[in-house]
Amino acid sequence: MIDFRPIELTDKERAQRYTLGSWRQNCDLSFANLYSWRFYYHTQIAEWRNFLLFRFQVDDCQLAYMMPIGDGSLKPVVEAMMEDARLQGAPFLMLGVCAGTRAELESEFPEQFEFRLDRDYFDYIYLRTDLATLRGKRFQPKRNYVNRFKAAYPDYRYMPLTPALVQECLRLENDWRKTRDNGDEQMLQDECRSMTAALQHMDELDIQGGVLWVDGHIVAFTYGAPINAETFDTCVEKADAGVAGAYAMINYEFANHVPSQFLYLNREEDLGLEGLRKSKLSYQPFRLLEKYIVTLK
């Protein structure tokens, strides 16, 4: 029997023993995300036979699991998860299963699972050096935004995000949220709740971020946290839409300040939002990390 329990801040060290050394790059494995969204997904954590497991809820309290992460034989772990689902009276469901782990499942469980691509939740993976240099013809439009911002605001400053700046960042986010369509109001409120939880525990969650100052005000901020030893997750990026080029500039500056050990930046999913998808594609991703919904046949 798997002993699942609600995830807490004190689980970070234990979780990162598995994630930081892993090859897996999906943003779901960033502990900052796991912790800050726990209220929404009712995330639970467990260790079983040298594997780290996560159980959570989606939609109308539908039970779901993440792909286990660890070393050793995968088959008994997945079988134990399937038994756990049976005991909970729920059909077995895994979400966020990426292409590499699909191959593992198919090897251990031939013809037992159905895999359905979940395009809205593909992760956008970028080379950090691409976003930090914007070299080449394909990045010319982004360089233009950055250069115009520098010309318009020659005295701008980029600074690391610190706990002392959190409240001003949240005020900017609140102003930004007021400009959004009411149709996604609940989603935006949930994002704000996650953001607040993350920023209240910046140090404990290994969060790094940055802010742009123009004329004595923060006009953009961003932050993220490690997924593994080579991949950094950009969790949030917000800017004053009235300041032309602010989004391009915070993206550029942050990529230049993320520690150089990180070869890749994961800028997460587009959630099926047309404008967000267009924006993420315009930054020329190194790869789209495919994710699958996995059910029993």
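At what angle do α8 and α9 pack, and how far apart are their axes? In this predicted model, the two helices pack at an angle of about 175 degrees, and their axes are 11 Å apart. This angle makes α8 roughly antiparallel to α9, since values over 145 degrees fall in that class. From α8, the contact involves Val166, Leu170, Glu173, Trp176 and Arg177. From α9, the residues taking part are Leu188, Gln189, Glu191, Cys192, Met195, Thr196 and Leu199. Sorted by class, the contact of α8 with α9 contains seven nonpolar, two polar and three charged residues.

Helix α8 was also examined on its own. The helix runs over residues 166-178, and its 13 residues should span 18 Å at 1.5 Å a residue; the C-alpha atoms at its ends are 19 Å apart, which agrees. Buried positions in α8 are Val166, Cys169, Leu170, Leu172, Glu173 and Trp176. These residues lie on the same side of α8, because the arc they cover around the axis is only 155 degrees. An α-helix has 3.6 residues a turn, so residues three or four places apart point the same way. Gln167 and Lys178, on the other side of α8, are exposed. The cover over the buried residues of α8 includes helices α9 and α10 together with strands β10 (208-214), β11 (217-226) and β12 (231-239).

The axes of α7 (residues 140-152) and α10 (residues 246-257) are 8 Å apart, at an angle of about 100 degrees. The angle makes α7 roughly perpendicular to α10, as it falls in the range of 65 to 115 degrees. On the α7 side, the residues of this contact are Tyr145, Val146, Phe149 and Lys150, and they meet Ala246, Ala248, Met249 and Tyr252 of α10. The contact of α7 with α10 comprises seven nonpolar residues, no polar residue and one charged residue.

Leu74, Lys75 and Val78 of α4 make the contact with Glu104, Leu105 and Glu108 of α5. In the contact of α4 with α5, three residues are nonpolar, none is polar and three are charged.

Helix α1 (residues 12-19) is largely enclosed by the rest of the structure, because six of its eight residues are buried. The buried residues are Lys12, Arg14, Ala15, Gln16, Tyr18 and Thr19. They pack against helix α2 (31-36) and against strands β1 (5-6), β2 (44-48), β3 (51-58) and β5 (69-70).

Strand β4 (residues 62-65) contains Ala64. With a relative accessibility of 0%, Ala64 counts as buried. Beyond residues up to four places away in sequence, Ala64 touches Phe54, Arg55, Phe56, Val58, Leu93 and Leu95. Ala64 and Val294 are 230 residues apart in sequence, while their C-alpha atoms are 9.8 Å apart in space.

Another pair separated along the chain is Gly272 and Asp120: the two are 152 residues apart, and 4.5 Å separates their C-alpha atoms. Gly272 is located in the loop between β13 (264-266) and α11 (274-282). Its relative accessibility is 37%, so Gly272 counts as partly exposed. When neighbours within four places in sequence are left aside, Gly272 is in contact with Asp120 and Arg277.

Backbone geometry was considered last. Most residues other than glycine have a negative phi. Leu134 is not a glycine, yet its phi is positive, at about 55 degrees. The residue lies in the loop between α6 (128-133) and α7. Leu134 is buried, with a relative accessible area of 3%. Asp206, likewise not a glycine, has a positive phi of about 60 degrees. This residue is found in the loop between α9 and β10. Asp206 counts as partly exposed, at 29% relative accessibility.

How values were computed. Residues numbered from 1 in each chain as written. Predicted model: local features only at pLDDT ≥ 70, side-chain atom pairs only at ≥ 80, totals over all residues. Heavy atoms only, no water. Axes fitted to C-alpha atoms, helices over the stretch in contact; angles between N-to-C directions. Helix = DSSP H or I, 4+ residues; strand = E, 2+ residues; numbered from the N terminus. Parallel < 35°, antiparallel > 145°, perpendicular 65-115°, else oblique. Contact = heavy atoms within 4.5 Å. Nonpolar A, V, L, I, M, F, W, Y, C, P; charged D, E, K, R; others polar. Expected span 1.5 Å × (residues − 1). Buried < 20%, exposed > 50% of the residue type's maximum accessible area, 1.4 Å probe, protein only. Arc of directions from axis to C-beta.
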